[in-house]
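Please examine the sequence and the structure shown below. The paragraphs that follow lead through selected side chains, the strands and the nonpolar cores.

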Amino acid sequence: MTLPLHNSFPRPAEPRDVGAACPHCQRPIDPSDRVVACSACGAVHHEPCWMAHDGCGTYECAPQRRVLSVGQKAEIQITDADLVTAHPLPKTASPSAAGFSPTPLSSHAAGGPSGQTNRLAVVALLVAVAGILLVGFVTGIVAMIMAAFALGQIQRSGQRGAVWGLLAMLLGLVDTVGWIVLLSLLFSRPDSTVALDDFPLEPPNLDNVQPSIARAMRANVLIKSSFPVTGQAIGSGVIVSQHDGETLIVTNRHVVDARFHDRGASDEIPKTELTVQALRQLPVAARVVWVAPDGIDVAVVSAPIHSENAEAAPWNDSPPPAMGDDVFSIGNPQGLGWSHTKGSVSQIRSRRYGSREIALIQTDTAINPGNSGGGLYDKDGNLVGINTWTNDKRMSEGLSFALSFASVVELAPPFVQDR
């Protein structure tokens, strides 16, 4: 019999030993067992286990007394008793089954601890609210940028405040758009356009009007063009020829051609839906029959006008106007048909179109949208120009320009050939 190690001797199990697991067999100590207590670590063993293994089986004592010889391999033996006492480990739920997402490594890098309200979202909302009173097209953009960053932080860190971020984004957009619209209205002149239907013509009593003005009134027509994108456009025109039931009317090309671009248009005749209304007549369908070359803003329209109130304007019967001469215009400003305005020639200028040079008549006659294509007359009622441009009324007044009718005649339009 091998002597017990560590000066440990067999003895009956004491009450304090009962239930302790033997380090060798892992079975609990019973009151009837004989045991051996290790004097080094105090572990209690079954006497047979102690004798069979030559001493203590705890981790603290066993390595000290079990010295392997050189070349001997360590072996781990599992006995039947070990298998009987073995128990499987409890099952743990996998992360996917538990339904949780990984926790960020650093809550500070993600914008703060999870569960807290994101401060940037709150600040963005305050900036957006301030934009209601301040210049919002600046603060609104700032609020939207801050809200975008805040929503990104919230998504990464699981913080609260997504509602505040979305509200800041929406309110910032409203601030930006609203202030842009408001400022554009404040710094632009209100639209004061009126319609002919709002101010109908009284039955014209041309007997009480100067003959030169009366004839110019009979030569004026109201032109309405239907454009596919911009809608309906209103302009003026001048009757210059009546022959075999066909009436030829001269006007500006931009009145009848939605694609016209000054100095950049082709010579192709536009197919625009037009109506022409003469004095005291219903509108009739019309068509464009000629456009000026080289992008000059002149066109000729043909319409079936049969009325004793319509009369061609006299032209080419007087010398060109000079600076200081009195002139008047007949047209349809803002849709108010057959309106008369008076002024004088400010200067005679010119403009080059390719190889052509066209004379321009600068006047201080009141010209407004709707006068385009209408006639400019000298004091005797002779047609001397076609009203074409006016300067922006927000910048200046009394700056209007008409294409010299003598220059238009030199382009050989159809009514010249019929004369």
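The side chain of R352 makes a polar contact with the side chain of E357, at 2.9 Å; a polar contact is a pair of N or O atoms within 3.5 Å, where within protein one atom must be able to donate a hydrogen and the other to accept it, and residues adjacent in sequence count only if both atoms are side-chain atoms. A polar atom of the R352 side chain also lies 3.5 Å from the backbone oxygen of S355. R352 is placed in strand β11; helices (H or I, at least four residues) and strands (E, at least two) are DSSP runs, numbered from the N terminus. With a relative accessibility of 46%, R352 counts as partly exposed, on a scale where buried means under 20% relative accessible area, exposed over 50%, and partly exposed in between (1.4 Å probe, protein chains only). The C-alpha atoms of R352 and D294 are separated by 9.8 Å, although the two residues are 58 residues apart along the chain.

This is a predicted model, in which local features need pLDDT of at least 70 and side-chain atom pairs count only at pLDDT 80 or more, while totals for chains, interfaces and linings use all residues. Residues are numbered from 1 along each chain as its sequence is written, and side-chain values use heavy atoms, with hydrogens and water left out.

The protein has eleven helices and 15 strands. Of its 419 residues, 40% count as buried. Among contacts (heavy atoms within 4.5 Å) with a separation of 6 or more, residues 24 or more positions apart account for 59%.

The strands β10-β11-β12-β15-β14-β13 form a closed barrel of six strands with antiparallel pairing; two strands pair if DSSP finds at least two bridges between them. On average, neighbouring strands of this sheet are turned by 45° against each other, direction ignored. Axes here are lines fitted to C-alpha atoms, for helices over the stretch in contact, and angles run from 0 to 180 degrees between N-to-C directions. Helix α8 lies across β10, β11 (339-353) and β13 (375-378), running at about 35° to β10.

Strand β13 can be followed through its partners. Four bridges join β13 to β10 in an antiparallel arrangement, and I330 stands opposite G375 in β13. On the β14 side, three bridges join the antiparallel strands β13 and β14, where G375 stands opposite I386. These two strands form a hairpin with four residues between them, and G381 in the turn has a positive phi of about 90°. Strand β14 is in turn joined by five bridges to β15 (residues 400-404), again antiparallel, with G385 opposite S404.

In a regular strand the side chains alternate between the two faces of the sheet. In β13, G375 and Y377 point one way, L376 and D378 point the other way, and all are buried.

Which residues touch the most other members of the largest nonpolar core? They are V238, Y377, L383 and F405, in a core of 34 residues. At least two residues each come from α8 (211-219), β5 (231-243), β6 (246-251), β10 (326-331), β12 (356-363), β14 (383-390) and α10 (405-409). The largest share, five residues, comes from α8. A nonpolar core is a set of buried Ala, Val, Leu, Ile, Met, Phe, Trp, Tyr and Cys residues joined through side-chain atoms within 4.5 Å. Leaving aside residues up to four places away in sequence, Y377 touches A216, A219, V238, A313, D326, V327, F328, I330, N382, L383 and V384. Apart from this core lies another, of 18 residues, among them V255, A299, A303 and A312.

Strand β6 also holds T247, which counts as buried at 1% relative accessibility. A polar atom of its side chain lies 3.5 Å from the backbone oxygen of I305. The residues that T247 touches, not counting those up to four places away in sequence, are I239, S241, Q242, V301, S302, A303 and I305.

How many disulfides does a search of the whole structure find? The search finds zero, with a disulfide taken as a pair of cysteine sulfur atoms within 2.5 Å. The sulfur of C38 has its closest cysteine sulfur in C41, at 3.7 Å, and so is too far for a bond. C38 is buried, with a relative accessible area of 3%. Likewise, the sulfur of C49 is 3.8 Å from the closest cysteine sulfur, in C25, which is too far for a bond. C49 counts as buried at 10% relative accessibility.
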